Amino acid sequence: MRRRDFMKGALAATVAPTVMTAQTSSPVIPKTGTIAPGPLPWMQGLDHGELPPVRTIDIDGIAQPSEYFFHSTQTATLVRLSEVLVPALNGYPGAIEAQTPAFLDFFVGKSSPEIQLLYRNGLDGLDAEAKTKYGKPFAALDTAEVDDIVKPRLATWMPDHYPTPTEERFVTVAHHDIRMATLNSPAWASVARNGDKLPTQGEIYWYPVEPDIYRN
Amino acid sequence: MAQEKVDVLIIGSGHSGGMAAKVLTTKGISCVMLNAGPIAEIAKDTEHKGGYELPYRGFRPPGRLQHVFQANEFNANVWVDEKEVPYTCAPGQPYNWVRVRLFGGRSLFWSRQSLRLSDYEFKGKSHDGFGDDWPISHADLAPYYSQVEGLFRVKGGNESAAQLPGGNYIFETTPWTQSMQRVKAASEKSGYYFLRQREALGVDGLASSVNILLPKAFDSGKLTAIPNVVVRELSVDKNTGLVDGAYFVDRLTRREMSIKARSVVLAAGTLESTRLLLNSKIANSSGVMGHYLADQCYGVGVTCSVPEARGVKDNSAIMGGGAVIPRFRNITDKANNFIRGYGLNITSLTGPMEPRCFPSYGAELQKQLDLYYGSGFSIGVMGEVLSRYENHVRIGKDAVDAWGIPALHVETKYTDNEFNLSRDAAETAAALAEASGFEVLTKNAAPNPPGYSIHELGTCRMGDDPKTSVLNKWNQSHDIKNLFVVDGSSFVSAGWQNPTMTILALSMRSSEYLAEQIRLGVV
């Protein structure tokens, strides 16, 4: 304990005269615990005032994903499904403008195997039915043809209880996800901010509270 | 480094631990409270954000909190991380263990529904022959309920029923809205009570341990608290057989510590308290510790629309308000295929409807959302889950938490009784809505997985017989006289009611008893 105090005092004594030689008007007293090899403490200047703002850009606005979860046909089906389920409406962007298919490719790719299977089978099922019924991929269907396939699969549901039949379940889950991802997108918020429209309601966000340093 | 013994060590800072601290400290007894998690500072730890500002656009982050249906990206950091504190379930028997370790625990986040149990719960076996009676009745707990209701500023009506006793309420006298009047009439025609909702107003909108109970304890100068410590085991004096403290680990530094105490009050939440006792290998001469896990089944109900409220610019005379229909099955009649019963939460909604209520999308969906705006009506079900010996927890063989403490294994499932009860409840809710002239938009008769209600109860049940119960009627261990367990683990049966008021009342009663035992020098 004594040795540490002695060392702090010795360091202060050696730093202070050096600084005073260079700038006689304001001597700098180094703070304990942040002794740097250079002339000033590392944390100097961080304890008062705001840092200048940094201009950022939404990552999807400039970069492309390096990997995709869905294969190209599934992606095309998801894009067409998103376009019809959540179109641009009343001046708000639709799922396409909100880049929802790309978000869902990422999100589903990180989700549980059950969700991944639901999406993959669901998209494949829609495409297979389109080919059987209309002789073309789902992605090439016009809106009336999409309606013809999708509407019979729609069902109402209670929270945490999506419909049980797999086809209905997929369309219901996908509709919920596409809608939520679109309403919570930067594109939607941007339109809402710039006009007199209301942004989607926010909530209290909780940061990690003293996270465990060993958490993986 | 000699260590001084504290009078009472309280483990857990939620409603039950907070109540114990308040009662004991205001009687001059020194307490130290241990809590497994940190102290939240709202100004520092939270921020109002839009979903577009978050990486997952508000969705629950993938791979996290798979059993916490309540979780989303906004609140994901509130819940206990399932990788950090894991638990295991029997194959095909999911259990949703929803936990909070912030100081104040789950008392920071609850629905405020403030109901008493009745003697249909306390004396359930006497009524229908199933399970066991509690060693106490409503009359024993009534004075404590009244005090708790006063502390938490519970709002309610001045009416009551044998199956839902009234209380010390701030009486609500605003007239029923028209939609509520219609359900009230339909309910009474069916022979159901229709009572005003009972909810804790708390103070400044919060009804938590941290703002209602703990300030009084800290003001007494008799309470100190240690956050971020995870209790590993209780320690036992080999000479007396009494508990004499706890071994714990610092959550952040992994430093192993211990503390000595004359008495221990466990209030870590039903399953954490039981886990701690099982890991300590104490207080289980009966062999029933960990058994009789129960809760309430949630998720069943209907969402409707009130036709007259659609397209009306100001429908405030029609919509708004809440009520509770207390259990009516198996009170004077006998249901065909289940025992016990359920209550119904009645809510006349204002504001937008949810898209899930309509089988449509795109412009058509938007048209319906506009048309139905402000006309929503919800009937939710709270069903009693039977307390069965086979529904249990034990210490698992493999998993440990981030601090090497053996994890819990949960084996529980709903039976035909819960499923039949849920079906009956969904049908009854729909019939009630239709009899009220409402359009039923969606209905569900399947309960959520066990645990979802966040009302886990039992596993250290109370009773008069030490051979069949862990605690006596004072929440005191039969085996170890200076050990008290004051959370929901003492419940003999779950009832259909939100258990918070009962947990608080039991903790108050138990803590007063402990204080008297300390004064007499018995403990």
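**Helix packing and chain contacts in a predicted model**

The crossing of H1(B) and H7(B) is left-handed. The model described here is predicted. H1 of chain B covers residues 15-26, and H7 of chain B covers residues 209-219. The two axes come within 7 Å and cross at roughly 25°. Angles under 35 degrees count as roughly parallel. H1(B) is therefore roughly parallel to H7(B).

Residues from both helices build this contact. H1(B) brings His15(B), Gly18(B), Met19(B), Ala21(B), Lys22(B), Thr25(B) and Thr26(B). By class, the contact of H1(B) with H7(B) holds five nonpolar, five polar and two charged residues.

A helix pair in chain A was also examined. Helix H3 (residues 100-110) of chain A packs with helix H4 (residues 113-134) of chain A. Their axes are 7 Å apart, and the angle is about 135°. That angle makes H3(A) oblique to H4(A). From H3(A), the contact uses Leu104(A), Val108(A), Gly109(A) and Lys110(A). From H4(A), Ile115(A), Gln116(A) and Tyr119(A) take part. Four residues of the contact of H3(A) with H4(A) are nonpolar, two are polar and one is charged.

The next topic is the contact between the chains. Chain A gives 50 residues to the contact, and chain B gives 65 residues. About 4900 Å² is buried between chain A and chain B. Carbon and sulfur atoms give 59% of that area. Three residues of chain A stand out: Met158(A), Tyr205(A) and Trp206(A). Together they supply 16% of the area that chain A buries against chain B, more than any other three residues.

Between chain A and chain B, the count is one salt bridge. The side chains of Lys151(A) and Glu364(B) meet in a salt bridge, with 3.2 Å from N to O.

Over all chains, the structure holds 30 salt bridges. One of them joins Glu272(B) and Arg101(B). The closest N and O atoms of this pair are 2.8 Å apart. Glu272(B) lies in helix H8 (residues 270-280) of chain B. Arg101(B) lies in the loop between strand S4 (87-89) and helix H3 (119-122) of chain B. The pair therefore ties together parts that are 171 residues apart in sequence.

Key
Residues numbered from 1 in each chain as written. Chains lettered and ligands numbered in written order. Predicted model: local features only at pLDDT ≥ 70, side-chain atom pairs only at ≥ 80, totals over all residues. Heavy atoms only, no water. Axes fitted to C-alpha atoms, helices over the stretch in contact; angles between N-to-C directions. Helix = DSSP H or I, 4+ residues; strand = E, 2+ residues; numbered from the N terminus. Parallel < 35°, antiparallel > 145°, perpendicular 65-115°, else oblique. Left-handed = near helix turned anticlockwise from the far one by under 90°. Contact = heavy atoms within 4.5 Å. Nonpolar A, V, L, I, M, F, W, Y, C, P; charged D, E, K, R; others polar. Buried area = accessible area lost by both parts, 1.4 Å probe. Salt bridge = Lys/Arg side-chain N within 4 Å of Asp/Glu carboxyl O.
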